[in-house]
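Here's a quick briefing to read with the model open beside you.

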2 protein chains.
Amino acid sequence: MEGVNQLKNKKYAADIDSIKGAHTRISPFIHKTPVLSSTSLNSISGKQLFFKCECFQKGGAFKIRGASNAIFSLEDDQAAKGVVTHSSGNHAAAISLAAKLRGIPAYVVIPKNAPACKVENVRRYGGQVIWSEATMQSRESTATAVQQRTGANLIHPFNDKRGGLISGVTLAAKSINPSIRVLAAEPMGADDAARSKLSGRLITLSDTNTIADGLRASLGDLTWPVVRDLVDDIVVLDENEIIKAMRLCYEILKLAVEPSGAIGLAAILSDQCKQKPYWKDMRKIAIVLSGGNVDLGVLWESLK
Amino acid sequence: MEGVNQLKNKKYAADIDSIKGAHTRISPFIHKTPVLSSTSLNSISGKQLFFKCECFQKGGAFKIRGASNAIFSLEDDQAAKGVVTHSSGNHAAAISLAAKLRGIPAYVVIPKNAPACKVENVRRYGGQVIWSEATMQSRESTATAVQQRTGANLIHPFNDKRGGLISGVTLAAKSINPSIRVLAAEPMGADDAARSKLSGRLITLSDTNTIADGLRASLGDLTWPVVRDLVDDIVVLDENEIIKAMRLCYEILKLAVEPSGAIGLAAILSDQCKQKPYWKDMRKIAIVLSGGNVDLGVLWESLK
């Protein structure tokens with residue numbers, strides 16, 4: 001197991017000790033979210049499924065974990081200048097909330113195509129919104145300008161050793177038990193991780209197109225090595241598979257998740273996954289549902 | 001406290017002993033549903049709110065409690081002939097599921113205006129659907145005909161000492177602590193309980209009109225005395241208040257509830273409730289969210 005030996009060499013941006021330290025640091029600020037199960041979905045999938053409900057997390061997504069870890073890791077004099085990030089949604093809200101908890105300003109660069117409900121969350125938590133174009137280049141240059149103007153600390157939305165879902169889950173799971181298989185799920189219209197894994201080098205996409213707006217960001221140089229070496233497989237889903245899984249979350253689990261939050265279930269229910277050589281060996285599967293921030297305006301209009 | 005003295009006289013259809021007996025009987029068949037809370041909704045309401053998530057219950061509503069209690073109370077020879085009920089939704093599905101668990105047939109009379117997703121639940125659990133007109137008269141006469149043909153046991157949808165939400169909750173709460181205030185919530189278009197309470201006699205409505213399809217049924221002679229004597233107040237909500245509360249369940253609690261499931265929250269957030277003399281005395285409020293079965297077809301169409 002090459003990956004596990006690499007784990008011992010501590011060549012990654014985090015390890016089980018830094019993850020445990022992060023948990024201690026952030027536990028006053030986060031919820032311990034419940035794990036739910038469903039007889040109906042077990043029956044549909046033929047597996048025993050466990051849903052980690054990060055849609056119930058503060059801010060409606062797992063993002064508060066990394067955001068509060070980063071913000072409460074800052075020294076007081078650093079922290080006083082505030083934090084800046086660029087994000088289309090859940091990370092932006094989480095940074096705003098964590099900064100509010102620490103009592104420091106949050107400058108949040110948001111691309112114009114961000115969902116309205118996520119922008120509202122940023123404002124509710126007291127973040128200062130600065131608009132950018134939808135491209136990663138515009139997001140980054142706008143954030144840099146804010147950073148230069150204010151002296152705020154950049155908390156990167158997807159390439160920071162203090163946060164990150166698939167890399168953090170993978171490092172923790174493989175450290176606890178190397179035989180735990182870790183699958184990532186990705187939308188076809190933002191499949192940089194699958195492309196990177198296939199080609200063996202970090203590929204970023206200049207343009208993404210998916211209903212799963214929380215998954216538009218790319219891997220970075222801190223998270224890519226974990227995905228390259230330790231994530232066992234990446235399942236790529238089309239938009240219909242994501243929407244179908246989202247619908248099952250509402251209709252069977254009774255959970256209001258966003259498209260990005262349903263993609264793990266989509267992976268497990270996909271034909272693609274059932275054809276994998278490891279499928280038959282999987283019995284118990286934990287699925288992270290993150291997050292639950294979605295504009296349901298159409299629904300409320302229809303009920304008026 | 002006249003009500004509490006009456007409790008001791010055991011003049012109602014159930015008491016704390018029969019409720020405890022029911023819990024023992026049904027506990028193998030039901031979920032212990034979680035109680036969730038939300039800092040945001042506490043802040044909006046100014047109270048400490050506790051949400052009992054019966055939307056997560058088997059069948060997506062509290063109804064499986066009364067249904068399994070009734071069905072597992074039957075003697076074997078009675079039970080063998082099956083059960084019959086009439087219901088526009090959650091009770092119908094619960095009876096189907098409980099009958100399936102006992103291995104007996106369920107004949108379910110469903111009015112033509114029942115939501116499609118609830119009819120699907122009945123079929124998924126193996127209930128035999130018999131259609132009726134939307135009126136209570138048609139529902140009852142159709143059920144009587146089935147009963148005569150099959151010898152099945154009628155499990156009444158809303159007037160049975162073995163089930164019933166507001167009457168059961170009230171009898172249990174007042175027995176445990178008479179100072180617990182119990183509020184009922186009702187849609188304006190199906191406000192038979194509020195009218196009955198006001199006039200002091202059981203009033204049933206021939207016609208109801210509300211988005212809260214789970215609340216269209218009336219009180220019966222078994223539940224009315226409990227509401228009359230022991231329920232402290234009934235808050236009547238208009239359709240907009242119900243939809244607004246439903247929206248908060250999705251956006252803040254991340255729970256997919258049906259309109260009927262959101263009406264308790266609607267009551268607590270209503271201007272009407274804030275003007276009640278008891279409002280200032282209420283600090284901790286438990287709200288039952290039941291159920292979670294709603295057709296979201298408009299939403300899925302819009303995402304295609």
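In which loop of chain B is G291(B) found? It's the one between strand 9 (284-289) and helix 15 (297-303) of chain B. Keep in mind that this is a predicted model.

**Backbone geometry**
- The bond running from S290(B) to G291(B) is a cis peptide, and its omega is near 0°.
- Over in chain A, S290(A) and G291(A) are also joined by a cis peptide bond, with omega about 0°.
- As for where that puts G291(A), look in the loop between strand 9 (284-289) and helix 15 (297-303) of chain A.
- K254(A) isn't a glycine, yet its phi is positive, near 60°.
- You'll find K254(A) in the loop that runs between helix 12 (239-253) and helix 13 (259-269) of chain A.

**Helix 4 against helix 6 in chain A**
- Helix 4 (residues 63-73) of chain A packs on helix 6 (residues 90-102) of chain A at an angle of about 40°, and the axes sit 8 Å apart.
- That angle is why helix 4 of chain A counts as oblique to helix 6 of chain A.
- The two helices, helix 4 and helix 6 of chain A, cross in a right-handed sense.
- On the helix 4 side of chain A, the contact uses K63(A), I64(A), A67(A), S68(A), I71(A) and F72(A).
- Facing them from helix 6 of chain A are N90(A), H91(A), A94(A), I95(A), L97(A), A98(A), A99(A), L101(A) and R102(A).
- Sorted by class, this contact between helix 4 and helix 6 of chain A has 10 nonpolar residues, three polar ones and two charged ones.

**Salt bridges**
- Side chains of opposite charge can pair when their charged atoms come close.
- Counting over all chains, the structure has 26 salt bridges.
- One of them pairs R65(A) with E54(A), whose closest N and O atoms are 2.8 Å apart.
- That pair ties together distant parts of the chain: R65(A) belongs to helix 4 of chain A, while E54(A) is in the loop between strand 2 (48-53) and helix 4 of chain A, and they are 11 residues apart.

**Chain A meets chain B**
- Each side is spelled out by count: 26 residues from chain A and 26 residues from chain B take part in the contact.
- Together, chain A and chain B bury about 2500 Å², with 70% of that on carbon and sulfur atoms.
- How many salt bridges does the rule find across the interface of chain A and chain B? The count there is zero.

Methods:
Residues numbered from 1 in each chain as written. Chains lettered and ligands numbered in written order. Predicted model: local features only at pLDDT ≥ 70, side-chain atom pairs only at ≥ 80, totals over all residues. Heavy atoms only, no water. Axes fitted to C-alpha atoms, helices over the stretch in contact; angles between N-to-C directions. Helix = DSSP H or I, 4+ residues; strand = E, 2+ residues; numbered from the N terminus. Parallel < 35°, antiparallel > 145°, perpendicular 65-115°, else oblique. Left-handed = near helix turned anticlockwise from the far one by under 90°. Contact = heavy atoms within 4.5 Å. Nonpolar A, V, L, I, M, F, W, Y, C, P; charged D, E, K, R; others polar. Buried area = accessible area lost by both parts, 1.4 Å probe. Salt bridge = Lys/Arg side-chain N within 4 Å of Asp/Glu carboxyl O.
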